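Please look over the sequence and the model before reading on.

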Amino acid sequence: PTQAPPPCSDRATWCSNPTWLRYCHVQTIAESCPGTCNKCPSTPAPQIPTPAPVRPTPQPPVTVQPPTPEPTTATPQPTEATPIPTTAEPIPQPPTAAVTVSMKDQGSSSVVTAAMGSVVDGYSPRYPSGALHRVTVIGARCKITWTHMDVEPHSTCRYDYVELLDGTTSKGRFCGQSLPEAMELTSSSFEVVLRTDSSVQATGFAFDFVCDGSATPVPSISDAPPTPAPTPLPTPTPVPVPVTPAPVTPAPDTPAPVTPAPVTPVPDTPAPVSCSDNAGEDYCTRYAHLCRYASFSATCQRTCGVC
């Protein structure tokens, strides 16, 4: 096309334009836009006409005349093959007969190839509520002449409108009863969008178009630039790294600490009659030394406390 296609993420515009959609068959574009090309409807690969094979014209054999009685030398005459001109079949051009494109009959989204004709909403007497139609016309450098305009009026055409796109560039949204000015488009196709809301209905729109050029032919896969082969990288040579063993420090022979077992002294005197018997005159002198043992003092705390 004469203008660059939209980004691959713009699926709605990409899939509705057959000129860009057919580029999905080119290897370099399909690899760059797999997300878009895989989501678009399946489109058969363009048929590239095969030129007629060139066949040389068979030439009659050259006959050498027998020598005459006089000794002469026959000089062979050079023969040249007559080249056969080859003519490739022409690329199909859009039909030259005028066509009428009805938005109603084309459905929600369609593509039409035409060199001249008219585009109408197709509804009678008024277009319905909640309508949305998109029609793409393949034809280069078209001139648009509006012949009818009756769409719900609004200062910014917010509710009902007709939008015209020159390729991917919007030429504006139109509504009301005033005819827009004539337009000259530069792309290889144009798109018409009709959108209506749920309130007011009107009689619709119509315009004529005449294109003085055909759509840009789609290049074949053989025209795509060759993909350069990757350059192999040199294989690095492994370099041995010396490994130095870490020094081993012997652990010192430290004897494990020995905890002595507690020794419970055994009194060498008989225990008193009872801990509370501290009235005896010999209690504090005979048994008071036992109070320093925990087991004895815990039991006779009150008695040991008075000694």
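The sections below go from the whole chain to its sheet, its disulfides, its core, its aromatic rings and some backbone details.

## Overview

The structure is a predicted model. Its chain has 307 residues, and 30% of them count as buried. The chain contains 8 helices and 10 strands.

## The open sheet

An open sheet is made of 5 strands, which follow the order E1-E3-E10-E5-E8. The pairing within this sheet is mixed. Strand E1 (99–102) and E8 stand at the edges with a single partner strand each, so one side of each has no neighbour in the sheet.

Within the sheet, E5 and E10 pair in the antiparallel sense, over 9 bridges. Threonine 145 stands opposite aspartate 208, which belongs to E10.

## Two disulfides

A search of the whole structure finds 2 disulfides. One of them joins cysteine 142 to cysteine 211, with an S to S distance of 1.8 Å. This pair links distant parts of the chain: cysteine 142 is in strand E5 (residues 140–150) and cysteine 211 is in strand E10 (residues 204–213), 69 residues apart. The link between cysteine 142 and cysteine 211 is right-handed, with 95° about the S-S bond. Both cysteine 142 and cysteine 211 are buried.

Cysteine 157 and cysteine 175 also form a disulfide, with their sulfur atoms 2.2 Å apart. Here too the pair links distant parts of the chain, 18 residues apart. Cysteine 157 is in the loop between E5 and strand E6 (161–166), while cysteine 175 is in the loop between strand E7 (169–174) and strand E8 (183–184). The torsion about the S-S bond of cysteine 157 and cysteine 175 is about -85°, so this disulfide is left-handed. Is cysteine 157 buried or exposed? A residue counts as buried under 20% relative accessible area. Cysteine 157 has 8% relative accessibility and therefore counts as buried. Cysteine 175, at 15%, counts as buried as well.

## The nonpolar core

In soluble globular proteins, nonpolar side chains tend to be buried together. The largest nonpolar core of this model has 30 residues. Which of its members touch the most other members? They are Ile144, Trp146, Phe190, Val192, Phe205, Phe207 and Phe209. At least two residues of this core come from each of strand E4 (132–138), E5, E6, strand E9 (189–195) and E10. Another core lies apart from this one; it has 7 residues, including Tyr287, Cys291, Cys300 and Cys304.

Isoleucine 144 shows what such a position looks like in detail. Leaving out residues up to four places away in sequence, isoleucine 144 touches Leu164, Ala182, Met183, Leu185, Phe190, Phe207, Asp208 and Phe209.

## Aromatic rings

The model has 6 aromatic pairs. A pair of aromatic rings is described by the distance of the centres and the angle of the planes. Phenylalanine 190 and phenylalanine 207 form a tilted pair, with 6.4 Å centre to centre and 55° between the planes. Phenylalanine 190 lies in strand E9 and phenylalanine 207 in strand E10, so the pair ties together parts that are 17 residues apart in sequence. Phenylalanine 190 is buried, with a relative accessible area of 1%, and phenylalanine 207 is buried with 0%.

One aromatic cluster is formed by Trp146, Phe174, Phe190, Phe205, Phe207 and Phe209. A ring can also face a charge: the charged end of arginine 173 sits over the ring of tyrosine 161, 4.2 Å from its centre.

## Backbone details

Where is proline 125 found? Proline 125 is in the loop between strand E3 (116–120) and E4. The peptide bond from serine 124 to proline 125 is cis, with omega near 0°.

Arginine 141 is not a glycine, yet its phi is positive, about 50°. Arginine 141 lies in strand E5 and is partly exposed, with a relative accessible area of 43%. Cysteine 157, one end of a disulfide described above, has a positive phi too, near 55°.

Terms used. Residues numbered from 1 in each chain as written. Predicted model: local features only at pLDDT ≥ 70, side-chain atom pairs only at ≥ 80, totals over all residues. Heavy atoms only, no water. Disulfide = S-S within 2.5 Å. Helix = DSSP H or I, 4+ residues; strand = E, 2+ residues; numbered from the N terminus. Buried < 20%, exposed > 50% of the residue type's maximum accessible area, 1.4 Å probe, protein only. Core = buried A, V, L, I, M, F, W, Y, C linked by side-chain atoms within 4.5 Å. Contact = heavy atoms within 4.5 Å. Pairing = 2+ DSSP bridges. Phe/Tyr/Trp six-rings, centres within 6.5 Å; stacked < 30°, edge-to-face > 60°. Lys NZ or Arg CZ within 6 Å of the ring centre and 35° of its normal.
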